[in-house]
Amino acid sequence: MNSLQSFLAVKPACGLGGGARLRPSRVSACLATPTPTPTPPTSAPAARPRELSAASRAVVEDEARYIVGTYNRSRVVLVAGRGCKLYDADGREYLDMAAGIAVNALGHADPDWVATVAAQAGTLVHASNVQYTVPQVALAKRLVEASFADRAFFANTGTEANEAAIKFARKYQRVARPDGDAPTEFMSFTNCFHGRTMGSLALTSKVQYREPFAPVMPGATFAEYGNLEEAKKVIQSGKIAAVFVEPVQGEGGIHSATKEFLQGLRDACDEAGALLVFDEVQCGLGRTGYLWAHEAYGVVPDMMTLAKPLAGGLPIGVVLVTEKVASAIKYGDHGTTFGGGPLVCQAALTTLDKIQKPGFLEGVAKKGENFKQLLSTKLSGNSHVKEIRGFGLIVGIELDVLAGPLVDACLDAGVIVLTAGKGNVVRLVPPLIISEKELEQAAEVIRDCLPALDASTS
């Protein structure tokens with residue numbers, strides 16, 4: 001019996017330890033790091049890729065023929081998941097340290113989540129926002145009661161949530177300054193990622209994402225992440241409608257802000273009349289060991305955008321706003337066909353039920369701290385490892401070379417990891433239910449695969 005045949009008998013690892021709440025330690029704001037210089041390949045033989053079956057090769061070939069080529073995919077065809085494990089079409093098992101890019105907070109096929117989705121699918125999947133639906137209102141109430149916010153707006157993705165926040169900021173400024181002198185520009189930061197649609201793309205710092213589609217939305221300024229004085233100068237210009245910032249950057253390389261930085265942004269925005277928007281699409285909803293990442297800093301935004309993990313794997317996006325912002329938005333100012341549908345909102349309610357259970361967030365914080373210590377111990381002494389950093393279960397391993405060979409070697413060894421930053425950071429964002437034993441397995445595989453970096457650079 002192979003791994004795929006037996007996975008149905010494997011129960012998801014969901015036990016969490018209780019105990020006193022562990023507060024993750026503060027981390028200094030990380031400024032931009034230089035791009036590692038790739039070493040030209042030598043004649044050293046590369047690691048032999050896994051052989052794909054004929055059935056898997058057919059999927060790969062059909063993808064190349066029928067799907068727009070926007071993704072450089074790993075050579076693995078996934079067909080099933082359970083807990084923190086994934087299974088490919090050829091029967092191989094993988095430890096999922098990526099969680100669909102920080103989406104599958106409850107892992108795969110959580111029984112309660114599956115039951116919720118099945119029941120709601122058999123009741124009501126979609127109704128437009130021309131009518132009321134019970135799950136949408138219930139989810140809005142839960143999110144408001146669990147946060148700083150007074151109201152919620154539902155979308156389908158993180159980039160849509162940020163687009164809505166851009167529109168809300170401009171409308172707020174227009175209402176607040178009816179004399180016609182309303183600021184319309186935005187500020188974000190180096191290493192940031194806010195999405196790929198035209199407004200959120202304009203606020204995303206990676207040039208290679210923006211240049212092919214120029215001109216994007218004008219009026220975006222980038223300041224150095226963590227550099228409060230530079231940011232204050234931009235905000236004090238009076239041109240900024242809103243500042244977008246990730247309390248913990250994911251795509252940018254796992255950089256954490258400091259309380260001083262976020263509080264300074266809050267103060268500068270208040271003084272200038274600008275809005276402060278926290279993008280917690282990747283770092284929010286328990287990922288850091290706090291329900292919301294900004295809770296660790298004691299700084300409150302005017303708006304917060306959410307998406308990835310909220311519906312447990314189904315597409316959802318949310319903007320949470322204060323009444324100050326909401327009061328500027330009127331009927332017809334924004335809308336969505338699918339946002340806040342009953343199926344995804346009911347799934348999100350079950351996801352919140354799990355994450356808000358007593359002890360869950362404490363378990364995430366504890367596992368995150370232990371995992372970083374484990375990585376520091378097991379990877380110590382390797383010349384390529386420059387820093388291990390993170391917050392809860394969003395962890396990065398910064399290397400002095402590109403991380404691709406290590407990521408490929410880990411995949412061949414049965415562990416799925418991601419890259420981040422300038423390609424030199426291994427990003428680890430596993431399901432929040434992951435066990436200590438599984439984290440130890442991941443650390444050991446990463447350690448054992450480090451020689452792949454030498455093979456690619458020697």
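Contact here means heavy atoms within 4.5 Å. This is a predicted model, where local features need pLDDT of at least 70, side-chain atom pairs count only at pLDDT 80 or more, and totals for chains, interfaces and linings use all residues. Residues are numbered from 1 along each chain as its sequence is written, and side-chain values use heavy atoms, leaving out hydrogens and water.

**Stop 1: His 194**

Select His 194. It sits in the loop between strand S5 (185-189) and helix H7 (198-202). Helices (H or I, at least four residues) and strands (E, at least two) are DSSP runs, numbered from the N terminus. Is His 194 buried or exposed? His 194 is buried, at a relative accessible area of 2%. The cut-offs are under 20% for buried, over 50% for exposed and partly exposed in between, with a 1.4 Å probe and protein chains only. Now show the contacts of His 194 beyond four places in sequence: they include Thr 159, Asn 162, Ser 188, Glu 246 and Asp 279.

**Stop 2: the cores**

A nonpolar core is a set of buried Ala, Val, Leu, Ile, Met, Phe, Trp, Tyr and Cys residues joined through side-chain atoms within 4.5 Å. The largest has 65 residues. Select Met 97, Leu 375, Ile 397 and Leu 428, which touch the most other members. Helix H12 (residues 342-355) gives the most to this core, eight residues. A second, separate core has 40 residues, among them Tyr 94, Ala 98, Ala 223 and Val 248. Go back to Met 97. Leaving out residues up to four places away in sequence, Met 97 touches Phe 371, Leu 428 and Leu 439, among others.

**Stop 3: H13 and H15**

Select helix H13 (residues 360-379) and helix H15 (residues 436-449). Their axes lie 10 Å apart and pack at about 25°. Axes are lines fitted to C-alpha atoms, for helices over the stretch in contact, and angles run from 0 to 180 degrees between N-to-C directions. H13 and H15 are therefore roughly parallel, a term for angles under 35 degrees. The contact includes Phe 371 and Leu 375 of H13 and Leu 439 and Ile 446 of H15. By class, it has seven nonpolar, one polar and six charged residues. Ala, Val, Leu, Ile, Met, Phe, Trp, Tyr, Cys and Pro count as nonpolar, Asp, Glu, Lys and Arg as charged, and the others, Gly among them, as polar.

**Stop 4: H5 and H12**

Finish with helix H5 (residues 134-145) and H12, whose axes come within 8 Å and cross at roughly 35°. Leu 139 and Leu 143 of H5 are among the contact residues, as are Leu 349 and Leu 352 of H12. This contact has nine nonpolar, two polar and two charged residues.

Note on methods
Parallel < 35°, antiparallel > 145°, perpendicular 65-115°, else oblique.
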